[in-house]
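Thanks for coming. I have one structure to show today, and I will go through it piece by piece. Please look at the picture first.

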Amino acid sequence: MSRHAPLPMARTRRVLALLGTVALAAACTATEDPPGSAPATTAPATASTSVPPTGPPSPSASTQVTIPTSAFVELPAELRKSPRRTTPVEEALPKLCGNEFGTGGRQVTASAAMTVTYQKAGEPSSNVPQGMIHQTIFTFDGDGAPGYLSRLRAAVQACPSYDQSGNRVTVKSKALPGVGDEALLLTRTWPETSLNGERTGDTASSQIAVARVDSTVTVFDDQGWEGTSGNTAILDRVVRDGVRAIDAWQR
């Protein structure tokens, strides 16, 4: 027999009601985020052409700049292996001895990049591409664009060669006349290798072109397919068409 007398029925009901209220309050407290905490889910980040990879925009920039797709070059149908596609700027910019092409600094107001994959005219669609060209566009505030070209020339002169995948790559540069307000052409040369990685005794080469159109700079990096040589004629056409596209955008 129990040594404790049972509670009266009315008191029992009051105790049960009180316990239910306490349990409900505890459940609500456990599922709510505390004040100031981060939400359980966040909206996915979206890429923007107005965010430069080389530093935040200059505080003196008067307007927000957006680089449209129409500012980028598009290959004619006979040379186009696949449609142009958006590429992260840090992946599109070439690298030699260091980060020579990523020196825009705080005067960069916008940057964006796209890639075109090309083929030789008249080749069957079953053939592999001949190469691809990464194009990066920077817009600058103030005198940032000519300053970028000046720093780039100095950096390239300080890098006559560099190592890449066990091969010595030599770099030569020269002015590219008749393109934009000023332009620079770099040629990279390295020992050619077969698909098996064996040296053939020949050399392979590819080119980088940089052109300024007013306060905008564009960089073209031609890469032959799977380490083969690029196509100098196609790059020259792409560079000149690309400068005209930028000039049309700025008008």
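Before anything else, one term: helices are DSSP runs of H or I with at least four residues, and they are numbered from the N terminus. Ala 92 lies in helix 2. Please keep in mind throughout that this is a predicted model.

Is Ala 92 buried or exposed? Buried means under 20% relative accessible area. Ala 92 has 2% relative accessibility, so Ala 92 counts as buried. And what is Ala 92 in contact with, leaving aside its neighbours within four places in sequence? The residues are Thr 87, Ala 113, His 134, Thr 136 and Asp 221. There is also a pair to note here: Ala 92 and Val 219 are 127 residues apart in sequence, yet their C-alpha atoms are 8.9 Å apart in space.

Now the sheet. The general point is that strands of a sheet pair through backbone hydrogen bonds, either parallel or antiparallel. In this model eight strands form an open sheet, the order is 1-2-3-8-7-6-5-4, and the pairing is antiparallel. Strand 1, residues 80-86, and strand 4, residues 161-164, are the edge strands, and each of them pairs on one side only. On average, neighbouring strands of the sheet are turned by 20° against each other, direction ignored.

Take the pairs one at a time. Strand 1 pairs with strand 2 over four bridges, in the antiparallel sense. There, Arg 80 has Tyr 118 in strand 2 as its bridge partner. Strand 2 is joined to strand 3 by 10 bridges, again antiparallel, and Val 116 stands opposite Ile 133 in strand 3. How many residues of strand 2 are buried? The count is 11 of its 11 residues, and the strand is mostly covered. Further along, six bridges join strand 7 to strand 8. Arg 212 stands opposite Val 217 in strand 8.

Next, helix 4, residues 232-250. Helix 4 lies across strand 2, strand 3, strand 6, strand 7 and strand 8, and runs at about 155° to strand 8.

Which residues of helix 4 are buried? They are Ile 234, Leu 235, Val 238, Val 239, Gly 242, Val 243, Ala 245 and Ile 246. Seen down the helix axis, the buried residues of helix 4 fall within an arc of 165°, so they line one face. In general, an α-helix has 3.6 residues a turn, so residues three or four places apart point the same way. The cover over the buried residues of helix 4 includes strand 2, strand 3, strand 6, strand 7 and strand 8. On the other side of helix 4, Ala 233, Arg 244 and Ala 248 are exposed.

Last, the disulfide. The structure holds one, and it joins Cys 97 to Cys 159, with 2.0 Å from S to S. The two cysteines are 62 residues apart: Cys 97 is in the loop between helix 2 and strand 2, and Cys 159 is in the loop between helix 3 and strand 4. The torsion about the S-S bond is about 85°, so this disulfide is right-handed. Cys 97 is partly exposed, with a relative accessible area of 45%, whereas Cys 159 is buried, at 1% relative accessibility.

Notes. Residues are numbered from 1 along each chain as its sequence is written. This is a predicted model: local features need pLDDT of at least 70, side-chain atom pairs count only at pLDDT 80 or more; totals for chains, interfaces and linings use all residues. Side-chain values use heavy atoms; hydrogens and water are left out. Two strands pair if DSSP finds at least two bridges between them. Axes are lines fitted to C-alpha atoms, for helices over the stretch in contact, and angles run from 0 to 180 degrees between N-to-C directions. Contact means heavy atoms within 4.5 Å. A disulfide is a pair of cysteine sulfur atoms within 2.5 Å. Buried means under 20% relative accessible area, exposed over 50%, partly exposed in between (1.4 Å probe, protein chains only). The arc is that of the directions from the helix axis to the C-beta atoms.
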